[in-house]
Amino acid sequence: MSPRSDTALSAKRRGAYGRRVVEVRRAGVGDVDELVRLRRVMLAGMSGREPDSGPWEETAVTTLRERLAGPEPSMAAYVVDRPDESGRLAACAVGVIERRLGGPDNPRGEIGYVFNVATDPTYRRRGCSRAVLTALLDWFRRRDVTRIDLVATPDGAPLYRELGFQDSPSPMLRLTR
C-alpha cells in the first residue's frame, strides 16, 4: 500500500453514540500550522495553562513538514475539518512508528506511539477525537504495528480504554536535561 493510498479512507466515521457522521481525512503538509495550533490546545489542556510561544513551535512545524511528506512516512496525522471555517481543523490525532530492537513479545520491534490527540474546545463531545483516533489506529493496523502506546490525560483515558488501551505495567523512568 502506498503511503498516500489511505487518503481514500477519509471515510465517514460514526461519532459519539452513532448519532453523527464525522468526516476524517489524512493530514498533509498544508495542515501543519493547524496541527501546531491544536498541539497548543492539547498542551493547555494537560497543564491547565496556555503554553508559552517559543522555538518549540518552529521545530514542530519543521518536524511535521519533514515527517508527513517523506516517501514512506513513519508519521501520520488524521484530522477533522471545521465545517464553519475553511483551512481550520476541529480535531487531530498524530502518531509515529518507531523501530526498536525486537523481543519475544514484539519480534519486529515496531512500536506505535499516539500523541497530539486534540479537539478544539468548540467541537468537543461530537465524536471528533474518536473518529481521528480510530483512523490513526487503522493506519497502525495496516502497517502491522501490534504495540501502540500513549500517555492519557484523565479526560482522554475513558475514550482510550473504550478503544482497547489498557494500563501498562511499564516501569518507565524519564531523565530530562
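Ser-129 touches Val-117, Thr-119 and Leu-159, leaving aside residues up to four places away in sequence; contact here means heavy atoms within 4.5 Å. The model is predicted: local features need pLDDT of at least 70, side-chain atom pairs count only at pLDDT 80 or more, and totals for chains, interfaces and linings use all residues. Residues are numbered from 1 along each chain as its sequence is written, and side-chain values use heavy atoms, with hydrogens and water left out.

**Overall make-up**

- The protein chain has four helices and seven strands. Helices (H or I, at least four residues) and strands (E, at least two) are DSSP runs, numbered from the N terminus.
- Along the sequence, the elements follow the pattern β-β-β-α-α-β-β-β-α-β-α.
- Of the 177 residues in the protein chain, 42% are buried. Buried means under 20% relative accessible area, exposed means over 50%, and partly exposed lies in between (1.4 Å probe, protein chains only).
- Among contacts with a separation of 6 or more, 61% link residues 24 or more positions apart.

**The sheet**

- Five strands form an open sheet in the order β3-β4-β5-β6-β7, with mixed pairing. Its edge strands are β3 (25-26) and β7, and each pairs on one side only.
- Two strands count as paired if DSSP finds at least two bridges between them. In general, strands of a sheet pair through backbone hydrogen bonds, either parallel or antiparallel.
- β4 and β5 run antiparallel and are joined by seven bridges. Asp-81 stands opposite Leu-89 in β5.
- β5 (residues 89-99) and β6 also run antiparallel, with eight bridges between them. Cys-92 has Ala-118 as its bridge partner in β6.
- β6 and β7 (residues 147-150) pair in the parallel sense over four bridges. Gly-112 has Ile-148 as its bridge partner in β7.
- From β6 the chain crosses through helix α3 (residues 128-142) to β7, and this β-α-β crossover is right-handed. Right-handed means that, with the strands pointing away from the viewer, the path from the first strand over the helix to the second runs clockwise.

**Burial in β5 and β6**

- β5 is mostly covered: nine of its eleven residues are buried.
- β6 (residues 110-119) is mostly covered too, with eight of its ten residues buried.
- Tyr-113 is found in β6. Tyr-113 counts as partly exposed because its relative accessible area is 28%.
- Tyr-113 touches Val-94, Gly-95, Val-96, Phe-140, Asp-149, Leu-150 and Val-151, not counting residues up to four places away in sequence.
- The C-alpha atoms of Tyr-113 and Val-94 are separated by 8.6 Å, and the two residues are 19 residues apart along the chain.

**Ser-129 and helix α3**

- Ser-129 lies in helix α3.
- The side chains of Ser-129 and Thr-119 make a polar contact of 2.6 Å. A polar contact is a pair of N or O atoms within 3.5 Å; within protein, one must be able to donate a hydrogen and the other to accept it, and residues adjacent in sequence count only if both atoms are side-chain atoms.

**Cysteines**

- The structure holds zero disulfides. The cut-off is a pair of cysteine sulfur atoms within 2.5 Å. A disulfide is a covalent bond between the sulfur atoms of two cysteines.
- Cys-92 counts as buried because its relative accessibility is 0%.
- Cys-128 counts as buried because its relative accessibility is 7%.

**Confidence**

- The protein chain averages a pLDDT of 86, and 89% of the residues score at least 70. pLDDT is the predictor's confidence in each residue, from 0 to 100.
- Confidence is lowest in strand β1 (residues 12-14), at a mean of 49, and highest in strand β4 (residues 75-81), at 97.
- Over residues 1-11 the pLDDT is below 50, and this stretch has 24 contacts in the model beyond near neighbours in sequence.
- Residues 14-18 also have pLDDT below 50, with ten contacts in the model beyond near neighbours in sequence.
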